[in-house]
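Dear colleague,

My notes on it follow below.

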Amino acid sequence: MNQSDEEKYWNGRFTAVGDDYLFGTEANKFVARQAERLQSGKTALSVADGEGRNSVWMAEEGLTVTAVEFSPIALHKAKRLAVERHVEVDFILADILKWDWPVAAYDAVLAVFIQFLSPLQRALIFAAMKNALRPGGLLLIHGYTPKQLEYKTGGPSNIDYLYTEALMRESFPDMEFLELREYEDNLQEGSGSQRHHSGRSALIDVVARKSS
Ligand SMILES: C[S@@+](CC[C@H](N)C(=O)[O-])C[C@H]1O[C@@H](n2cnc3c(N)ncnc32)[C@H](O)[C@@H]1O
């Protein structure tokens, strides 16, 4: 898929659910588990943030949050969610593959289900995410592992786009892993017939600290 096809694809998915939220309005479970690490007053960037469930939750936790996302439809819903929850998020409409990424700017950089990237694109974005962290900052990544191809309950169908512990260690050799775990869980993200990321899922959590 070229970039404009990719944008059309995501806008189509977000439009198809009308005013509903494709992935729901509650923070992803991995993100919610990080509450103790994501302290109030810190800055955070949510990469390919979608409809705002994770950025808005971090803002509710007292963080100063920036969110970057290329779908205007998703961003519109994210802004609505922030208004409803009485928080502010700096929402940026941008393609993460073309964005002028900030450097050493955030205490935390979060990427949840950004497995639309080819291995080459992923390497570039992982490097940009790490560079965007301040020294001592936390990288938080959540996604699917290759076992997810058996479950077919969400995520890409191309094994090259899925994550393993080994891939994470290779991608971030100079970071300290506070969490690196492949596991299975039941996800129920989104609502009713619009539910996506639903059912038994093969997942990976990554929390890594950039050296000070
Ligand atoms: C599976 S969704 C996950 C959204 C969000 N992280 C969450 O967990 O709710 C992937 C998101 O990436 C966005 N996206 C895809 N390619 C992008 C790109 N090149 N730049 C910015 N956002 C992108 C899509 O529009 C979509 O919102």
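**Strands and crossovers**

In β3, the bridge partner of A67 is F91, and β2 and β3 pair in the parallel sense over four bridges; strands are said to pair if DSSP finds at least two bridges between them. Helices (H or I, at least four residues) and strands (E, at least two) are DSSP runs, numbered from the N terminus. Please bear in mind that this is a predicted model, in which local features need pLDDT of at least 70 and side-chain atom pairs count only at pLDDT 80 or more, while totals for chains, interfaces and linings use all residues. Residues are numbered from 1 along each chain as its sequence is written.

β2 also pairs with β1 in the parallel sense, over five bridges, and V65 in β2 is the bridge partner of A44. Two right-handed β-α-β units are built on these strands: one is made by β1, α3 and β2, and the other by β2, α4 and β3. Here a crossover is right-handed if, with the strands pointing away from the viewer, the path from the first strand over the helix to the second runs clockwise.

Five of the six residues of β2 are buried, so this strand is largely enclosed by the rest of the structure. A residue counts as buried if 20 or more other C-beta atoms lie within 10 Å of its own, as exposed if 12 or fewer do, and as partly exposed in between, with C-beta atoms placed from the backbone.

The helix α3 is likewise largely enclosed by the rest of the structure, because seven of its eight residues are buried. These are R53, N54, S55, V56, W57, M58 and A59, and they pack against α2 (29-33), β1 (43-47), β2 (64-69), α4 (72-84) and β4 (106-112). Just after α3, G62 takes a positive phi of about 100°.

H86, at about 60°, lies in the loop between α4 and β3 (90-93), and H86 is exposed, with 9 other C-beta atoms within 10 Å. A104, at about 50°, is found in the loop between β3 and β4 and is exposed as well, with 11 other C-beta atoms within 10 Å.

H142 has its place in strand β5 (residues 133-144) and is buried, with 22 other C-beta atoms within 10 Å. Leaving aside neighbours within four places in sequence, H142 is in contact with N28, F30, V112, F113, L203 and D205, where contact requires C-beta atoms, placed from the backbone, to lie within 7 Å.

As for the whole, the protein chain has seven helices and seven strands. Its radius of gyration, taken over C-alpha atoms, is 16 Å, close to the 17 Å that the globule rule (2.2 Å times the number of residues to the power 0.38) gives for 212 residues, so the chain is as compact as a globular protein of that length. Of the 212 residues, 39% count as buried.

With kind regards

Methods. Contact = placed C-beta atoms within 7 Å.
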